[in-house]
Amino acid sequence: MIKVVVAGAAGRMGQESCRAILRADGMELVGAVDKNSSGEELEKVIAMDGVELTIQSDLDTTLKETKPDVVVDFTNPNVVFNNAQIALQNKVRPVIGTTGLTGEQIAQLKELAQKQQLGGLIVPNFAIGALLMIKFASIAVKYFPHVEIIELHHDQKMDAPSGTALKTAEVLAEIRGNMRQGLPTEFEKIPGSRGGDFEGMRVHSVRLPGFVAHQEVIFGGTGQTLTIRHDSISRESFMPGLLMGIHKVMEIDHLVYGLENLIFE
Ligand code: NAD
């Protein structure tokens, strides 16, 4: 049995994760932590009968009391780095779904995991379809180096661009290199209209109610365009990848950024 604690358990992703872990074979949910709902009964929060856990407020204390194998983090960009450090210091493997970690923070966490000889996972997107989108895009960019990314999310999202868009841009830039796109003399009549610039690649973030998590990678070539699009239409879409990640993190002794590095050849 893999013992799991969920941090951010009362949030949108945290609730979905608790339900998925409780239903999964070979896993046991031993703790739920959430700053804003501590003291509440988890079964009420996730609308699932027979769950005997009370939501705790402090991750460090919960990890010391429950001694889990894995902590799943779906909190927010301001606390995720601290939570990951707490997990590793307690010899608990972090599986981090929260986005917003900087490159420097990821490097520091990799070092800490190495020191502790512990597995860890940082996964900007657990949807297998989204991982395939990035993989297909990495093939397309060899033939179509002119590319822009449009990501669309619900309007409660804190960070922009999304972790998935950033990851896509990083993967594509690694293959095609830095490249100036568009007209060299173009100018913006409204600042930001051309989106963020990642090594010459434009990244656009849409925030509207009604969306969950969506992304288009648009390639332009002579007389043709190619669009690769992925849509997460409900948060359940992230659960098969999350459960896979929890199993995989038990088999490694270092921190990996991106589930694709563990599930694709
Ligand atoms: P949310 O705001 O609904 O939930 C976050 C929860 O974390 C809240 O309940 C909040 O009270 C709690 N929290 C805040 N600080 C805390 C702390 N110090 N300790 C414990 N709990 C704390 O957000 P959400 O929509 O569930 O998204 C959470 C994160 O997951 C975001 O960064 C989002 O971008 C990311 N996300 C990742 C994926 C993926 O596949 N990796 C998919 C969707 C969302």
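Which residue forms a salt bridge with lysine 167? The points below give the answer in context.

1. The model is predicted: local features need pLDDT of at least 70, side-chain atom pairs count only at pLDDT 80 or more, and totals for chains, interfaces and linings use all residues. Residues are numbered from 1 along each chain as its sequence is written, and side-chain values use heavy atoms, with hydrogens and water left out.

2. The protein chain is assigned domain 1 (2-122 + 236-263) and domain 2 (128-233), with bounds from an automatic or database domain assignment. Their C-alpha centres are 28 Å apart. To the contact (heavy atoms within 4.5 Å), domain 1 contributes 15 residues and domain 2 twelve residues.

3. Between them, domain 1 and domain 2 bury about 1000 Å², of which 62% is on carbon and sulfur atoms. Buried area is the accessible area (1.4 Å probe) that two parts lose on being put together, summed over both.

4. Lysine 167 forms its salt bridge with glutamate 260, with 3.3 Å between the closest N and O atoms. The term denotes a side-chain nitrogen of Lys or Arg within 4 Å of a carboxyl oxygen of Asp or Glu. The count between domain 1 and domain 2 is one salt bridge.

5. Threonine 99 counts as buried because its relative accessibility is 14%; buried means under 20% relative accessible area, with a 1.4 Å probe and protein chains only. Not counting residues up to four places away in sequence, threonine 99 touches Pro77, Pro124, Lys157, Asp159 and Gly163.

Definitions and conventions
Buried < 20%, exposed > 50% of the residue type's maximum accessible area, 1.4 Å probe, protein only.
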